[in-house]
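Q: Can we go through this model together? I'd like to start with packing and then move on to other topics.

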Amino acid sequence: MTPGESLVTTGVAVRPAEPGDEVAGVAPRWVATPETTGEAALVMRAAADHGLAVTPVGGGTKLSWGHPPARCDLVLDTRRLARVLEHEAGDLVARVQAGITADALAAALGAAGQRLALDFTTGGSTVGGALATAAAGPGRLRHGTARDLLIGVTVVLADGTVARAGGKVVKNVAGYDLGKLFTGSLGTLGLITEATFRLHPLPTARAWITATSPGPGVVAAVARLATSPLEPSAIELDSPGVRAPVTVAALVEGVAAGERAEDAARLLGDTARISADPPAWWGRLPGQAAPGAGPAGYLLELRVPPAAAVTAPAAAGRAAGAAGLDAHIRGSAATCVLYAALPPDTPPGAAEIFVTSLRTELSAAGGRLVVWTAPPEAARIDRFGPVGSAALMRRVKERFDPEGRMSPGRLTGGAARAGA
């Protein structure tokens, strides 16, 4: 029996791949769209029988993140895995399928006055995609990241084995925290099919405070605001160019949001303004042409210790000067996770100089730089740099995917997003 015939005999919807099904430019041969964990397991077993390389795909908003897969025989499309399986409103817990989108989940939970306090950084993102990329938006300051909100997960391993951890455990993989391992793995360990999350009530009120300054003064105020009794839910920074003014925006939610916003405005200085609506760039990655679009060109992630948070934009400016280019910096000023976007037409040589220079300076301060997206002509750029846990991640990869068939090559050396 041919691989295609084996996939069809599973009874799961399988079709030949078409233009538009590519993963970072790599064309698959088939696309499968299971509706349940059981169906996903059938497809994965058939793929294992024929040694097919499998790449999970959700909303497709971050398919350009990481290296292109070394090969891709089968795309496993999760968008029919789109149901809320359980919602225990009294316990503030929900179990959902991994293909449900951010908007659909928000609508379902909002009917009960609740939310998953995980900001999706691109429109159309799915729950599984948010977990696989470990992406977190502005709300990470108060509510944490996907890892912090995840209390249970169901995955299908490369051989079709179904494993569960947390929540209502049926079968686990002894000795491993599946939720933490699969968050940030870019589909290299297996397929996430279900997730159980801790929820939060919808806030009764919200207010944003925005302040712009030509110098570093407004950035220095971030630490004072983050540690104040005002309890901001998020503090974001936006600098559209290395010589451009820096804008800081903060969000306060809940009881006495208006009064707390006024106090926060005083901390941020004379330029601070209060609004019921966020700034247009709020929750969007730099380089996004429009809400819901993926970043164009180069997208870098900068992680620095708190002591270096104020100086990180200046370090990016020095690296841009050394490379003769400009950079757009945006991200969480208080949790010290920033993103930098370079213009799509940046020459690969200049981008490599920028990455090397900035990575060296951040590493000296205890930070790290990852290049999540880059055009094909920039293949020489070291995407991940030194990864202290690379040997451990390779062992984990060998344990979960010994044949190397799950999204092969997406993460160099198994360099999952440790600490995300």
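**Packing, helices and domains**

A: Leaving aside neighbours within four places in sequence, Leu-268 is in contact with Ile-209, Ala-211, Val-218, Ala-221, Leu-225 and Val-248, contact meaning heavy atoms within 4.5 Å. This is a predicted model, where local features need pLDDT of at least 70, side-chain atom pairs count only at pLDDT 80 or more, and totals for chains, interfaces and linings use all residues. Residues are numbered from 1 along each chain as its sequence is written, and side-chain values use heavy atoms, with hydrogens and water left out.

Q: Which residues have the most contacts inside the largest nonpolar core?

A: Ile-209, Leu-268, Tyr-298, Leu-300, Phe-354 and Leu-358, in a core of 52 residues. A nonpolar core here is a set of buried Ala, Val, Leu, Ile, Met, Phe, Trp, Tyr and Cys residues joined through side-chain atoms within 4.5 Å. Buried means under 20% relative accessible area, exposed over 50%, and partly exposed in between, with a 1.4 Å probe and protein chains only.

Q: Why does this core lie between domain 2 and domain 3?

A: Because domain 2 (206-275) and domain 3 (298-378) both give residues to this core. The domain bounds come from an automatic or database domain assignment.

Q: What does the second, separate core include?

A: That core has 31 residues, among them Leu-116, Ala-165, Phe-182 and Leu-199.

Q: Switching to helices: at what angle do helix 10 and helix 11 pack?

A: Helix 10 (residues 312-323) and helix 11 (residues 348-364) pack at about 145 degrees, with axes 8 Å apart. Axes are lines fitted to C-alpha atoms, for helices over the stretch in contact, and angles run from 0 to 180 degrees between N-to-C directions. Helices (H or I, at least four residues) and strands (E, at least two) are DSSP runs, numbered from the N terminus.

Q: Which residues meet there?

A: From helix 10, Ala-315, Ala-316, Arg-318, Ala-319, Ala-320, Ala-322 and Ala-323; from helix 11, Ala-350, Ile-353, Phe-354, Ser-357, Leu-358 and Glu-361.

Q: And Val-12, buried or exposed?

A: Val-12 is buried, at a relative accessible area of 5%. The residue sits in the loop between helix 1 (3-9) and strand 1 (14-16).

Q: Last one: how many residues of domain 1 are in contact with domain 2?

A: Six, and they are in contact with nine residues of domain 2. The centres of domain 1 and domain 2, taken over C-alpha atoms, are separated by 30 Å.
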